[in-house]
Amino acid sequence: MIAAKAYAVQSATDKLGEWSFERREVGPSDVQIEILYCGVCHSDIHQARNEWGGSKYPMVPGHEIVGRITKVGADVTKFKEGDLAGIGCLVDSCHECVNCKNG
Amino acid sequence: MDKVTPTYGGYSNRIVTTESFVCKVSEKLSLEGVAPLLCAGITTYSPLRKWKVGKGHKLAVLGLGGLGHMAVKFAVAFGAEVTVLSTSANKEDDARKLGAHNFVNTKDAEQLKKYAGYFDFIIDTVSAEHDYTMYFRLLGINGVHICVGLPPTPIQFSGFALMGGNRVLTASSIGGLPETQEMLDFCAEHGIVSDVEVIDMAYINDAYDRILKSDVKYRFVIDMATL
Ligand SMILES: [Zn+2]
C-alpha cells in the first residue's frame with residue numbers, strides 16, 4: 001500500500017482535518033499521481049455533510065484533480081512518468097458527482 | 001481497481017487510479033485554473049456541444065458562479081451572443097470581464113420585458129429555488145432551457161409557458177471521459193481556464209463557509225503543496 005495524506009471528514013457533522021491513510025498499490029493498468037491542485041465544488045460540501053445520503057466515512061472529498069504522474073503500471077499505454085494528468089468525477093466506484101449540480 | 005480499498009478523493013497528496021479514468025492535461029495552461037475544468041468545465045461544455053450552440057445563437061447564462069462563469073467562457077468561444085441573467089446588479093462588470101455581451105438584472109421588470117422571447121438557449125446554473133416560468137418566457141420559438149443546476153425540491157412551472165413557443169426543458173449532468181478530454185484539448189487550444197482563488201489546505205473549512213455565501217470568484221482551488 002502507498003502512504004497518503006489528506007483532509008477528511010470523519011462524520012457528517014465533522015469539520016475537515018488532517019488524516020493519513022493508504023492508497024492501493026499501482027496495478028498493471030493503474031497510474032499514480034502526485035496531486036498539485038484540487039478544485040472545491042459545491043457538491044463536495046453536500047457529500048461531506050451527507051446531504052444527498054449514502055456518504056461513507058472517513059471521506060476525502062475532491063473531484064477536480066490535476067497532478068503529475070509519478071508511476072505507471074506495466075500495461076499502461078496512454079501515460080508515462082512526468083505527464084500531467086486530470087481526474088474528474090468519473091473515478092472507479094466514485095460516481096457521486098453524477099449528481100454534482102452546484103456551481 | 002481492487003474493489004477493496006475505497007476511493008478517496010482529491011484533497012490529498014497522491015492518488016492511484018486506472019488510466020482509463022485519467023485525462024491528458026496540456027502544459028500550456030495554468031494548472032490551478034485547469035482543475036475546475038474537470039467538473040464545472042465539463043458540466044457546462046457538454047450541453048453546449050450537445051445542442052450545438054454557436055454563431056448566430058443568443059444564449060443566456062442564469063447565475064454567475066463556478067458553473068456560470070465557465071458557461072460564459074465556452075459560449076463566447078463557440079461564437080454565441082451571451083447574456084448573463086443575475087439577481088445581483090453588481091455582477092455586470094464581472095459578466096462583461098468574462099466576455100458576456102449583455103447583462104440583465106432579473107429583478108428589474110423593465111429590463112426583463114426587453115428580452116421576452118429573445119433567447120435560443122438558457123443555461124440555468126441555479127441550485128436555489130427560482131421562477132422557471134419567468135425564464136421560459138425569455139426563450140423564443142423552439143428555445144431550449146438547459147438545467148445544469150437544480151434545486152433540491154421538485155420544480156414547478158406553468159406548462160403553458162413551455163407549450164406556447166414549442167419550448168424545450170432539459171437537464172444535463174457532467175459529461176463522459178472522451179468528451180472531457182475533448183474539452184481539455186479545446187481549452188488548451190483556446191487558452192480557457194477557470195478563474196480561481198488558490199487557497200491553502202488548512203483554509204478549506206473557511207472556504208466551505210464562503211461557498212455557501214457565494215463569496216468566491218469563481219472557484220476555490222487547493223494548492224496541494226500546502227497539505
Ligand atoms: Zn463537482
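This is a predicted model: local features need pLDDT of at least 70, side-chain atom pairs count only at pLDDT 80 or more; totals for chains, interfaces and linings use all residues.
**Exercise 1. Work out what lines the largest pocket, and which parts of chain B give residues to the lining.**

Step 1: Start with the space itself. The largest pocket holds about 750 Å³.

Step 2: Go to the middle. There are 36 lining residues, and the ones closest to the centre are B:G63, B:L64, B:G65, B:K91 and B:S214.

Step 3: Move on to the elements. In chain B, two or more lining residues come from each of α3 (66-77), β4 (81-86), α6 (132-136), α9 (204-212) and β10 (219-223). The top contributor is α3(B), which supplies three residues.

Step 4: Zoom out to domains. Domain 1 (28-194) and domain 2 (195-227) of chain B each put at least three residues into the lining.

Step 5: You get 15 nonpolar residues, 15 polar ones and six charged ones.

**Exercise 2. Describe the contact between chain A and chain B, then pick out a salt bridge across it.**

Step 1: Count who takes part. Chain A brings 67 residues to the contact and chain B brings 60.

Step 2: Look at the area. The two chains bury about 6,000 Å² between them, and 59% of that is on carbon and sulfur atoms.

Step 3: Check for charged pairs. Three salt bridges run between chain A and chain B.

Step 4: Find one in the structure. The side chains of A:R68 and B:E27 form a salt bridge, with 3.1 Å from N to O. That sits inside the 4 Å cut-off for a salt bridge, so the pair qualifies.

Note on methods: Residues are numbered from 1 along each chain as its sequence is written. Chains are lettered from A and ligands numbered from 1 in the order in which they are written. Side-chain values use heavy atoms; hydrogens and water are left out. On a 1 Å grid over the protein atoms alone, a cavity is a set of points where a 1.4 Å probe fits but cannot get out, and a pocket is an open set with protein on both sides within 12 Å along at least five of seven lines; lining residues have an atom within 4 Å of a point. Grid points are joined across faces, edges and corners, and a volume is the space filled by probe spheres set on the points. Helices (H or I, at least four residues) and strands (E, at least two) are DSSP runs, numbered from the N terminus. Ala, Val, Leu, Ile, Met, Phe, Trp, Tyr, Cys and Pro count as nonpolar, Asp, Glu, Lys and Arg as charged, and the others, Gly among them, as polar. Domain bounds come from an automatic or database domain assignment. Contact means heavy atoms within 4.5 Å. Buried area is the accessible area (1.4 Å probe) that two parts lose on being put together, summed over both.
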